[in-house]
Amino acid sequence: MTSTPPAGGDSGGSGPGLGLTGFVRSDPAPSAPLPTPDEEGQLRRAVELLAGRRLAILTGAGLSTDSGIPDYRGPEAPPRNPMTYQEFVGDPELRRRYWARNHVGWHHLRQAAPNAGHAAVARLERRGLTTGLITQNVDRLHTDAGSALTVDLHGRFDRVMCLECKTRYSRQTISRLLEDLNPGFLERTRLDADIAPDADADVADTEDFVVADCPVCGGMLKPDFVYFGENVPRDRVAAAFAMLNAADALLVAGSSLTVMSGLRFVKHAHKTGKPVVIINRGPTRGDDLADLKIEAGVATALEYLAAELPDLSRDAGGPQQG
Ligand SMILES: [Zn+2]
């Protein structure tokens with residue numbers, strides 16, 4: 001995508017680029033490219049299949065790549081070994097390194113803005129066409145775009161929690177602590193490679209980094225998202241299944257469904273006879289269970305559906321009065 005902001009626009013805050021393309025905040029998000037004739041044919045079939053049905057929507061990393069957040073399962077992503085929960089809590093050195101990288105990565109990713117795909121998902125909700133949104137992304141861009149009925153399946157990278165007393169903090173609060181403990185670290189750190197979607201930046205020289213402890217109890221702080229080796233909290237899974245059970249169809253956008261935490265919703269929808277539509281470039285683990293698989297840009301496809309799906313008739317679906 002080569003969309004550029006209008007000349008003279010204020011791109012404020014993208015900072016002195018450290019090897020990353022600068023994030024540009026624009027409001028509203030620029031439109032996605034129009035579908036090709038072939039894509040439009042697929043999308044028209046999706047409209048026929050989904051018209052009159054309330055949707056549960058499941059999104060993944062492919063939705064945020066247009067916002068400059070890399071998809072580490074995408075075809076061009078470098079191989080990567082994310083830290084496991086056990087490594088994080090069990091090894092102080094790895095934890096120090098993790099926080100140093102996260103400190104740098106978060107300062108970049110926090111500037112990312114929602115794109116046309118996030119805006120389209122929020123529009124589907126505003127139009128009353130959805131029962132809710134289940135996202136595997138931790139980048140809080142759906143919330144920024146205006147989606148309210150959202151289950152952040154894997155947590156959010158703008159929150160931090162204490163593993164001892166369970167107090168939750170905004171990432172911004174912890175960032176100020178880290179800046180006080182590590183003066184000049186952000187300024188003298190150079191980025192050698194991309195940043196992962198969980199804000200893990202490739203940073204050298206982390207030995208001297210000082211990790212912040214919980215301001216309340218001195219306990220261990222951890223970014224509030226689900227690590228590899230960790231389970232999605234049960235109440236969150238239940239909330240997501242409730243959205244799916246209330247829906248008449250499942251729309252998956254921008255996820256290759258590599259992890260079971262997302263795939264299980266596709267399996268459940270299939271088992272309960274709800275149509276499944278998947279929008280993703282490249283194969284997904286749910287393709288065999290999908291009624292329709294659309295190979296198209298995620299933002300393009302979502303924008304099309306948000307514009308073309310008809311309103312629900314008043315007596316179709318939804319909570320009944322009395
Ligand atoms: Zn605490």
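# Briefing: strands, cores and a helix pair

Threonine 130 in E2 stands opposite leucine 55. That pairing belongs to a predicted model. Leucine 55 is part of strand E1, residues 55–59.

- E1 covers residues 55–59, and five of its five residues are buried, so the strand is largely enclosed by the rest of the structure.
- In a regular strand, side chains alternate between the two faces of the sheet.
- In E1, both faces are covered. Leu55, Ile57 and Thr59 are buried on one side. Ala56 and Leu58 are buried on the other.
- E1 runs parallel to strand E2 (residues 130–135), and five bridges join the two.
- Alanine 56 has glycine 132 as its bridge partner in E2.
- E1 also pairs with strand E7 (residues 249–253). This pairing is parallel too, and it runs over five bridges.
- Leucine 58 stands opposite valine 252 in E7.

**Strand E2 and its link to E3**

- Why is E2 described as largely enclosed? Six of its six residues are buried, so the rest of the structure largely encloses it.
- E2 pairs with strand E3 (residues 150–152) in the parallel sense, over three bridges.
- The bridge partner of isoleucine 134 in E3 is valine 151.

- Asparagine 137 sits in the loop between E2 and helix H5 (141–145).
- Is asparagine 137 buried or exposed? Asparagine 137 has 28 other C-beta atoms within 10 Å. The threshold for buried is 20 or more, so asparagine 137 counts as buried.
- Leaving out residues up to four places away in sequence, asparagine 137 touches Thr59, Gly60, Ala61, Leu63, Ser64 and Pro197. Among these, Thr59 belongs to E1 and is itself buried.
- Phenylalanine 157 is 20 residues from asparagine 137 in sequence. Their C-alpha atoms are 9.1 Å apart.

**Nonpolar cores**

- The largest nonpolar core has 67 residues. Leu250 and Val277 have the most contacts inside it.
- Helix H10 (residues 298–308) supplies the largest share of this core, at seven residues.
- A second core is separate and has six residues, including Val160, Cys162, Ile174 and Ala212.
- What does valine 277 touch, beyond residues up to four places away in sequence? The list is Ala46, Leu49, Leu50, Ala249, Leu251, Ala290, Asp291, Leu292 and Ile294.

- Isoleucine 294 lies in strand E9 (residues 292–294).
- Isoleucine 294 is buried, with 26 other C-beta atoms within 10 Å.
- Setting aside neighbours within four places in sequence, isoleucine 294 contacts Gln42, Leu43, Ala46, Val277, Ile278, Ile279 and Ala301.
- Isoleucine 279 is 15 residues away from isoleucine 294 along the chain. Their C-alpha atoms are separated by 4.7 Å.

**The antiparallel sheet E5-E4-E6**

- Three strands form an open sheet in the order E5-E4-E6, with antiparallel pairing.
- Which are the edge strands? They are strand E5 (168–170) and strand E6 (221–225), and each pairs on one side only.
- The twist from one strand to the next averages 40°.
- Strand E4 (residues 155–162) runs antiparallel to E6, and four bridges join them.
- Cysteine 162 has leucine 221 as its bridge partner in E6. Cys162 is also one of the residues of the second core.

**Helices H8 and H9**

- Helix H8 (residues 234–246) packs against helix H9 (residues 260–271) at an angle of about 30°. The helix axes are 11 Å apart.
- The crossing of H8 past H9 is right-handed.
- H8 makes the contact through Ala240, Phe241 and Leu244. H9 makes it through Phe265, His268 and Ala269.
- By class, the contact has five nonpolar residues, one polar residue and no charged residues.

Technical notes:
Residues are numbered from 1 along each chain as its sequence is written. This is a predicted model: local features need pLDDT of at least 70, side-chain atom pairs count only at pLDDT 80 or more; totals for chains, interfaces and linings use all residues. A residue is buried if 20 or more other C-beta atoms lie within 10 Å of its own, exposed if 12 or fewer, and partly exposed in between; C-beta atoms are placed from the backbone. Two residues are in contact if their C-beta atoms, placed from the backbone, lie within 7 Å. Axes are lines fitted to C-alpha atoms, for helices over the stretch in contact, and angles run from 0 to 180 degrees between N-to-C directions. A crossing is left-handed if the near helix is turned anticlockwise from the far one by less than a right angle, and right-handed if clockwise. Ala, Val, Leu, Ile, Met, Phe, Trp, Tyr, Cys and Pro count as nonpolar, Asp, Glu, Lys and Arg as charged, and the others, Gly among them, as polar. Two strands pair if DSSP finds at least two bridges between them. A nonpolar core is a set of buried Ala, Val, Leu, Ile, Met, Phe, Trp, Tyr and Cys residues joined through C-beta atoms within 7 Å.
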